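Biologist: I would like to learn how to read helix packing and strand pairing from a model. Could you take me through one case?

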Amino acid sequence: MSRTRAEDPAGQLQRVVSVLRWLLLAHAVLMACLRWADVAAAWSMAGLLTVMAAWTLVMTVLGHRSTLPPRAITIADVALAVAVTLISPTVLGAAVDTSGFQGVGYYWVICAALSAALTSGPAIGCLAALLIISSGLVGVLHSGRWAWSPDLLLVVACWALGRTIDQLRAMMAERDRDHATAARLAERERLGRIVHDGVLQVLSMVEREGPDLGPRGQVLARAARGQGGQLRRMLQTPVVEAARNDPGLDLADLVATVAAHESGQVTVSAMAGELLAPARTVEEIDKAVTEVISNVGLHAGDGAHCWILLEEENGTIVISERDNGTGMAPEQAAEAAAAGRMGITHSITGRIQALGGSTVMRASPGHGVEWEIRVPIRQDGQTPPAGGPGADSS
């Protein structure tokens, strides 16, 4: 893992395990001294304790670094604990009880399992504990009624420690999300003040003074009024997705995004509540909707109005858009594309097709233009890859 100790609670607990290693090593040395005369190979036992002390020093140094021990170190740690447990019966001899954890390593070997649980999670920690326990059963019969109790306690401790670390990581991630959300909301408020004190004031002046400048000024006044209203609604709309969405999932609220287009020339109707989808999908749909609205303003004629309806039908996002403008002949879209004007082909149809969706446009002179945009979504809120069902366009 590359998570630093300042970010990951497991890093701090590794230092606690390092201290525990030294305490249990001291216990193993004390027990070795007490039964020195009884063991079969005393100097081999001393050599084994020396190896354990050297490895404890290595793990202590690694525990004081800024990162958690690498996966290879964890494997080596467990392997050494298993080796110490396997060698213990031979070194101690038949005269010494080696059942349970009564080998040369005594309880020192459990630190490897605890460290594995911290580094790699509860499942790996329990697996490491079972490997150490299994190695201790080689050539040993647990005849005592309670001989299995320390083994069970080790497995439970590794599982509980791993789960605790997972929960702490989740809590820290939630805290980081809350801090990020607060920062985004504060930045939004700051930008809102800048927009209100600057851009909205200019748009209000254009709206007020434009009619006195003739026909072109009237067009500018209408555009300024529409953009000003849209900006005000956007600034007043709470950022629901910023407060609720998980940045790891990168979701956004399509309802709030489409509703932000409402103005004096655009009416938006949508379902109540939220419609969460991947942020990239929401962004691409929003750009397509913006292009449709822009075409109404440019080509539908003065006074044209646009209506947008957002629905969700059986796992499919459905956006219906129509206007009461001058309309156009169906072949005009193909002629525009042939002439190099790609607003419909690329900005609308191309974007939706890239999301695995489909578009249908209906138009006739004098009856405005109607669009139906469909983008399928799965049960988990994700959109299928491009080229999925519904990728054909009319």
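Predicted model: local features only at pLDDT ≥ 70, side-chain atom pairs only at ≥ 80, totals over all residues.

Biologist: What do the angle and the distance tell me in general?

Modeller: Two packed helices are described by the angle between their axes and the distance between the axes.

Biologist: Which residues make the contact of H1 and H4?

Modeller: From H1 they are Ala10, Leu13, Gln14, Val17, Leu20, Arg21 and Leu24. From H4 they are Ile110, Cys111, Ala112, Leu114, Ser115, Leu118 and Thr119. By class, the contact of H1 with H4 has 10 nonpolar, 3 polar and 1 charged residues.

Biologist: At what angle does H3 pack with H4?

Modeller: Helix H3 (residues 71-92) and helix H4 (residues 110-120) pack at about 160°, with axes 9 Å apart. H3 is therefore roughly antiparallel to H4. The crossing of H3 and H4 is left-handed. On the H3 side the contact uses Arg71, Thr74, Asp77, Val78 and Ala81. On the H4 side it uses Cys111, Ala112, Ser115, Ala116, Thr119 and Ser120. The contact of H3 with H4 divides into 5 nonpolar, 4 polar and 2 charged residues.

Biologist: How do the axes of H2 and H3 cross?

Modeller: The axes of helix H2 (residues 42-63) and H3 come within 11 Å and cross at roughly 165°. That angle makes H2 roughly antiparallel to H3. H2 also passes H3 in a left-handed crossing. Residues of H2 in the contact include Leu48, Val51, Met52 and Trp55, and those of H3 include Leu80, Val84 and Ile87. The class count for H2 with H3 is 14 nonpolar, 1 polar and 1 charged.

Biologist: Now the strands. In what order do they form the open sheet?

Modeller: Read a sheet by its strand order, then by its pairings. The order here is E2-E4-E5-E7-E6, an open sheet of 5 strands with mixed pairing. Strand E2 (266-270) and E6 are the edge strands, each pairing on one side only. From one strand to the next, the twist averages 10°.

Biologist: Which pairings run parallel or antiparallel?

Modeller: E2 and strand E4 (residues 306-313) run parallel and are joined by 5 bridges; Val266 stands opposite Cys306 in E4. Strand E5 (residues 316-323) and strand E7 (residues 369-376) run antiparallel, with 7 bridges, and Ile319 stands opposite Ile373. Strand E6 (residues 358-363) is antiparallel to E7, with 6 bridges; Val360 has Glu372 as its bridge partner. The hairpin of E6 and E7 has 5 residues between the strands, and in that hairpin Gly366 takes a positive phi near 85°.

Biologist: Which helix packs on the sheet?

Modeller: Helix H11 (residues 279-299) does, touching E2, E4, E5 and E7. The direction of H11 makes about 10° with that of E5.

Biologist: How many salt bridges does the structure hold?

Modeller: There are 8 salt bridges. One of them joins Asp166 and Arg169, whose closest N and O atoms are 3.7 Å apart. Both residues lie in helix H6 (residues 149-197), 3 residues apart, about one turn of the helix.

Terms used: Residues numbered from 1 in each chain as written. Heavy atoms only, no water. Axes fitted to C-alpha atoms, helices over the stretch in contact; angles between N-to-C directions. Helix = DSSP H or I, 4+ residues; strand = E, 2+ residues; numbered from the N terminus. Parallel < 35°, antiparallel > 145°, perpendicular 65-115°, else oblique. Left-handed = near helix turned anticlockwise from the far one by under 90°. Contact = heavy atoms within 4.5 Å. Nonpolar A, V, L, I, M, F, W, Y, C, P; charged D, E, K, R; others polar. Pairing = 2+ DSSP bridges. Salt bridge = Lys/Arg side-chain N within 4 Å of Asp/Glu carboxyl O.
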